[in-house]
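Take a look at the model below. We will go from its sheet to its aromatic pairs.

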Amino acid sequence: VAVFVAGHADFRGESAANDVLSERRATAVARQILASGVTTFQIWRIGFGEDMPLYGGMSDYDLAMNRRVEFLFAAKPEAVGIWLADQQSEE
């Protein structure tokens, strides 16, 4: 089983900085998973920056919900990679 840890950011700040921030979020969570002793699956990290918001508004709640980490689980990592690419291209 592969686990994809996907980091996200809100739209505030430079796009490039949000990409880096979302990757750092994913990496921090992946490190915590590994530090807790979970070693029975592969962990992949990806950052989407501000490209895949859950909420389009500008309220504090909307911005907070867009700063997140999501988990995707797959028996075949290639399938998740294709799905992630499709999701990003639709945005």
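In what order do the strands form the open sheet? The order is β2-β1-β3, with 3 strands and mixed pairing. Strands here are DSSP runs of E, at least two residues long, and helices are runs of H or I of at least four, each numbered from the N terminus. Two strands pair if DSSP finds at least two bridges between them. This is a predicted model: local features need pLDDT of at least 70, side-chain atom pairs count only at pLDDT 80 or more, and totals for chains, interfaces and linings use all residues. Residues are numbered from 1 along each chain as its sequence is written, and side-chain values use heavy atoms, without hydrogens and water.

The edge strands are β2 (42–47) and β3 (69–74), each pairing on one side only. Strand β1 (residues 2–7) pairs with β2 in the parallel sense, over 6 bridges.

Aromatic rings of Phe, Tyr and Trp (its six-membered ring) pair if their centres lie within 6.5 Å; planes under 30 degrees apart are stacked, over 60 edge-to-face, the rest tilted. The whole structure holds 2 such pairs. F4 and W44 are stacked, because their centres are 5.8 Å apart and their planes lie at 15 degrees. F4 is in β1 and W44 in β2, so the pair ties together parts 40 residues apart in sequence.

F4 is buried, at 7% relative accessibility. W44 is partly exposed, at 39%. Buried means under 20% relative accessible area, exposed over 50%, and partly exposed in between (1.4 Å probe, protein chains only).

Y55 and Y61 form an edge-to-face pair, 5.6 Å centre to centre with 70 degrees between the planes.
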